[in-house]
Amino acid sequence: MAPTTDTDPPAGPPGPVAFQLVLLRRMADHHPGLVEDALRTLGVSRAAMREANRRWQARMHAPRAPGGLQPYRALLGAPETVTARRIGDLSCEALTWPVPLWPDLRFEVLTGGRGAVWNAWLVRAPGAAAPDLRTTADLTPWSCTVDEVARAFAPARPMEGSAPTRWRLACTAPGPDGTPQQIVPEFTWGLYQRLTG
């Protein structure tokens, strides 16, 4: 299969494909090889990925652009599910969309009153098997979500990420030899990327 090139024209892929390119653009900083494979699967170029991300950022940061949930609906269409949820004393709605690149995952947006977005990330699809996380050796790129790592290596303390779409956790996990280690897993759009310092 021919590699993608930077000279390909920045085509305007359909909404769900364009949104996957936005997700991939942030992940390319850590795993360019995996992103390259994903671009080939989608049949688009790095230039198309950059253009999709540029358009998304412009949409999200334009002074008069509608905010909240509207940009997600505009690009992804109607959600697959809309579920009422309580988080502590707060009520919200969880909207999910399929993500063809990761069929066992869903893109989830949590919204509060007036459509304000509280969180937006990848989560495990209902009924899909979660990975068996026992040691740090089981943490492989793109294999697990924030919630899965937090449960496997509880207690986990959320930490600020290096960008709005990045999360980190501080937790203790057995190393490959079983010795407990202090680790800081980093996630992009809720999907595991790497261990950081």
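This is a predicted model: local features need pLDDT of at least 70, side-chain atom pairs count only at pLDDT 80 or more; totals for chains, interfaces and linings use all residues.
Figure 1. Residues are numbered from 1 along each chain as its sequence is written, and side-chain values use heavy atoms, with hydrogens and water left out.

Figure 2. Let us begin with strand 5 and strand 6 (residues 166–174), which pair in the antiparallel sense over 4 bridges. Together, strand 5 and strand 6 make a hairpin with 5 residues between them. Look for P158, which stands opposite L169 in strand 6. Strand 7 (residues 180–188) and strand 8 also pair in the antiparallel sense, over 5 bridges. There, P185 has L195 of strand 8 as its bridge partner.

**Figure 3. The hairpin of strand 1 and strand 2.** Strand 1 (residues 81–87) and strand 2 run antiparallel and are joined by 7 bridges. T83 is found opposite A94 in strand 2. The two strands, 1 and 2, form a hairpin with 2 residues between them. In its turn sits G88, with a positive phi of about 65°.

**Figure 4. Helix 1 crossing helix 3.** The axes of helix 1 and helix 3 (residues 46–61) come within 8 Å and cross at roughly 95°. (Axes are lines fitted to C-alpha atoms, for helices over the stretch in contact, and angles run from 0 to 180 degrees between N-to-C directions.) Helix 1 and helix 3 are therefore roughly perpendicular to each other. (Angles under 35 degrees count as roughly parallel, over 145 as roughly antiparallel, 65 to 115 as roughly perpendicular and the rest as oblique.) Helix 1 contributes A18, F19, L21, V22, L24 and R25, which meet A48, M49, R50, A52, N53 and W56 in helix 3. (Contact means heavy atoms within 4.5 Å.) Sorted by class, this contact of helix 1 with helix 3 has 9 nonpolar, 1 polar and 2 charged residues. (Ala, Val, Leu, Ile, Met, Phe, Trp, Tyr, Cys and Pro count as nonpolar, Asp, Glu, Lys and Arg as charged, and the others, Gly among them, as polar.)

Figure 5. The structure holds 1 cavity of 30 Å³ or more, and the largest cavity has a volume of about 40 Å³. (On a 1 Å grid over the protein atoms alone, a cavity is a set of points where a 1.4 Å probe fits but cannot get out, and a pocket is an open set with protein on both sides within 12 Å along at least five of seven lines; lining residues have an atom within 4 Å of a point. Grid points are joined across faces, edges and corners, and a volume is the space filled by probe spheres set on the points.) P16, F19, Q20, L76, W97, P98, V99, P100 and F107 line the largest cavity. Helix 1 (15–27) and strand 2 (90–98) are the elements that give two or more residues to this lining, and helix 1 provides the largest share, 3 residues. By class, the lining of the largest cavity has 8 nonpolar, 1 polar and no charged residues.

**Figure 6. The largest pocket.** This pocket has a volume of about 370 Å³. It is lined by 16 residues, and the closest to its centre are M60, Y72, P164, T165 and W189. Helix 3 and strand 4 (117–124) each supply at least two residues of the lining. The lining of the largest pocket has 10 nonpolar, 5 polar and 1 charged residues by class.

**Figure 7. The second largest pocket.** Its volume is about 320 Å³. Of the 18 residues that line this second pocket, R85, T96, E108, V123 and R124 are the closest to its centre. Helix 5 gives the largest share of the lining, 4 residues. By class, the lining of the second largest pocket has 6 nonpolar, 4 polar and 8 charged residues.

**Figure 8. Backbone details in two loops.** The peptide bond from A154 to P155 is cis, with omega near -5°, and P155 lies in the loop between helix 5 and strand 5. W142 has a positive phi of about 70° although it is not a glycine. You can find W142 in the loop between strand 4 and helix 5.

Note on methods
Two strands pair if DSSP finds at least two bridges between them.
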